[in-house]
Structure formats: structure tokens, C-alpha cells
Amino acid sequence: MDDTHNGRITKDGIRIHEAADFEGMRIAGKLAAEILDEVIDLIEPGVTTEEIDSQITKRVDAAGATSATIGYRGYQHASCISVNHVVCHGIPGPKVLKNGDILNIDVTVIVDGWYGDSSRMYVAGKLSRKSERLIQVTHDSLMLGIEAAKPGNTFGDIGYAIQSFVEGHRMSVVRDFCGHGLGRVFHAPPNVLHYGRPGQGPVLEEGMFFTIEPMVNLGRPETKILADDWTAVTRDKSLSAQFEHSIGITADGAEIFTLSPAGRFHPTYGE
Ligand code: MF3
Ligand code: CO
Ligand code: CO
């Protein structure tokens, strides 16, 4: 057995971590969340997404941590920044933010070998009513998914909680990307689907670590990848939003490793 990993693996290939492993995830998750808190003040019309990313790179370095995304499958940045109809994996670049743009910033850091992965929504300037509704529904769908994350429930219960809520608001859940197990690796089993049926899929157990990261579109759920081979956009050009937490299953629920220390996970809080 691989001596850098403790614990056991379920029949579905999901690692069951030990109590001591939670501490590693808390530290990594906290750094990701602090970085996402700190960039709030940078986001305004006129700033470019590469300026935001370069601050994130500096901050990861200053913490003595490692970016999980730099060098990952050829990706070269410390964050993904996905603006408006970009669903995920937007590449930071010379794009200038304009008033009313909404964006997701996704940061994954490695601290002492543990991965902290989180993303949230931001707004440049003034948030429109339509964007605010999308962001609120997406945020709340993640939190409902986390509420369903407890021993004895299944991954299908999580997907169902998210999907039924989102579709109840006449928005759609992206099917082409999912959450993932993580821990001492970036992407591990299972695929955490943001749609599903109650009781389907593997049963949750204490010690599982994974992300939930629903992407929600105002229009249809289909996506396409641009010629840069990374950027995923909505096919119908509708606005898209995403929030992501890294969590660990406890005896009676879930611990969120990437909670915002400043309490500013949602962009309309703390203003
Ligand atoms: N952080 C993303 C996730 O939630 C993965 C980004 S991979 C990258 O899983 F290479 F695009 F950065
Ligand atoms: Co993730
Ligand atoms: Co992420």
C-alpha cells in the first residue's frame, strides 16, 4: 500500500480518511478561502483577469504553499476566472472587467500535501437583478447539497437536492462537469454529480473528502469548449454561475473546509 495515504478505499474507489487527516484539509481549505476573501477588493470595472490571477499566484507563494493548477495538464495559472457566460475553466488574460460582469474565481492550493479547492462568485461594479438571482440560487443549491452530505445518504441525494432546487427556479444544472473526491490528490473518485435521484449512487461514509461545485445556467445546460481547449461556455450564451466548497463527511454531517474566514463567501454579504 502507498505509504503516503492512510485509511481504506470503498468498493466504489472512494478513500476513507482518518480523523487526523481532517486537520490537513482544514489548513489547506482555509488558505484557499483566505485568498478568495482577499481578492474581493481587487474586483472592479477596469481590472483584467490576469491582474487578479497574478495577485493569487503571489499570495500562494507568500504562504509557502503550492498552486495545484499551475502545471496541471498544461494549465499555467493559479486560478480559473470565468466571466459571465463562461461556465468554468476560464483562463486569466487581458480581458478587462466591465460594470455588471459576474465572475467565478476558482483556486486550489496544496499545503503539506493536502488540497484545498474552492470557488465563488464576484461582481465588478453593480450586480443586476438577473445576475443576483442566478448567484443566489447557485449559492443556495451548493448549501442544500452540503446539507444532504451526511453518512447514510447517497451521492444521488446530494445531486437531487441541487437539481430539484435549481430547476424549481427555472434554471439549469450543467451536466458536463462535476465535483470530485480530493485529499492528498486533486481529483479522485467519486464524480460528484450535481443532478440525480434520491438513493442512487454510493453511500456516504465518515471520512470521505470531496468537493461540491454546482454550475448553474440561466438558460440551457449545454456547454462547449473553446479553441483554447479549456474555456467552457454556455452554448446558448446564457449567464452561468458556480460556487465550490471542499468538505469532509463527519459522524453526523459535513465539515466545510473552505468556509470564508471573513464571512464573505456570497458576493452580496458584508458590503
Ligand atoms: N479547481 C477546478 C476544480 O474545481 C479544477 C481546475 S483545473 C485547471 O476541480 F487546470 F483548469 F485549473
Ligand atoms: Co473542484
Ligand atoms: Co475548483
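**View 1. The lining of the largest pocket in this predicted model.** The largest pocket has 23 lining residues, and those nearest its centre are Y72, H89, H180, F186 and H187. A pocket is an open set of points on a 1 Å grid over the protein atoms alone, where a 1.4 Å probe fits, with protein on both sides within 12 Å along at least five of seven lines; lining residues have an atom within 4 Å of a point. The lining contains 10 nonpolar, 7 polar and 6 charged residues. Here Ala, Val, Leu, Ile, Met, Phe, Trp, Tyr, Cys and Pro count as nonpolar, Asp, Glu, Lys and Arg as charged, and the others, Gly among them, as polar. At least two lining residues come from each of strand 6 (102-111) and strand 10 (188-192). Strands (E, at least two residues) and helices (H or I, at least four) are DSSP runs numbered from the N terminus.

**View 2. The site of the cobalt ion (ligand 3).** D106 (OD), D106 (OD), D117 (OD) and E244 (OE) coordinate this ion at 2.1 to 2.3 Å. Donors are N, O and S atoms within 2.8 Å of the metal (3.2 Å for Na, K and Ca); water is not among the atoms, so sites may look incomplete. Along the chain the donors of ligand 3 are spaced D-x10-D-x126-E. D106 belongs to strand 6 and D117 to strand 7 (residues 114-123), so the pair ties together parts 11 residues apart in sequence. Both D106 and D117 are buried, meaning under 20% relative accessible area (1.4 Å probe, protein chains only).

**View 3. The site of the cobalt ion (ligand 2).** Its protein donors, D117 (OD), H180 (NE2), E213 (OE) and E244 (OE), lie 2.0 to 2.2 Å away. The cobalt ion (ligand 2) is 3.3 Å from the cobalt ion (ligand 3), and D117 coordinates both. H180 lies in strand 9 (residues 179-181) and E244 in the loop between strand 15 (240-242) and strand 16 (245-249), so this pair ties together parts that are 64 residues apart in sequence. H180 and E244 are both buried.

**View 4. The largest nonpolar core.** Among its 34 residues, I52, I56, L103 and I105 touch the most other members. Helix 1 (21-38), helix 2 (49-62), strand 4 (79-83), strand 6 and strand 7 each give two or more residues. Helix 1 provides the largest share, 7 residues. A nonpolar core is a set of buried Ala, Val, Leu, Ile, Met, Phe, Trp, Tyr and Cys residues joined through side-chain atoms within 4.5 Å.

**Notes.** Residues are numbered from 1 along each chain as its sequence is written, while chains are lettered from A and ligands numbered from 1 in the order in which they are written. In this predicted model local features need pLDDT of at least 70, side-chain atom pairs count only at pLDDT 80 or more, and totals for chains, interfaces and linings use all residues; side-chain values use heavy atoms, with hydrogens and water left out.

Methods. Buried means under 20% relative accessible area, exposed over 50%, partly exposed in between (1.4 Å probe, protein chains only).
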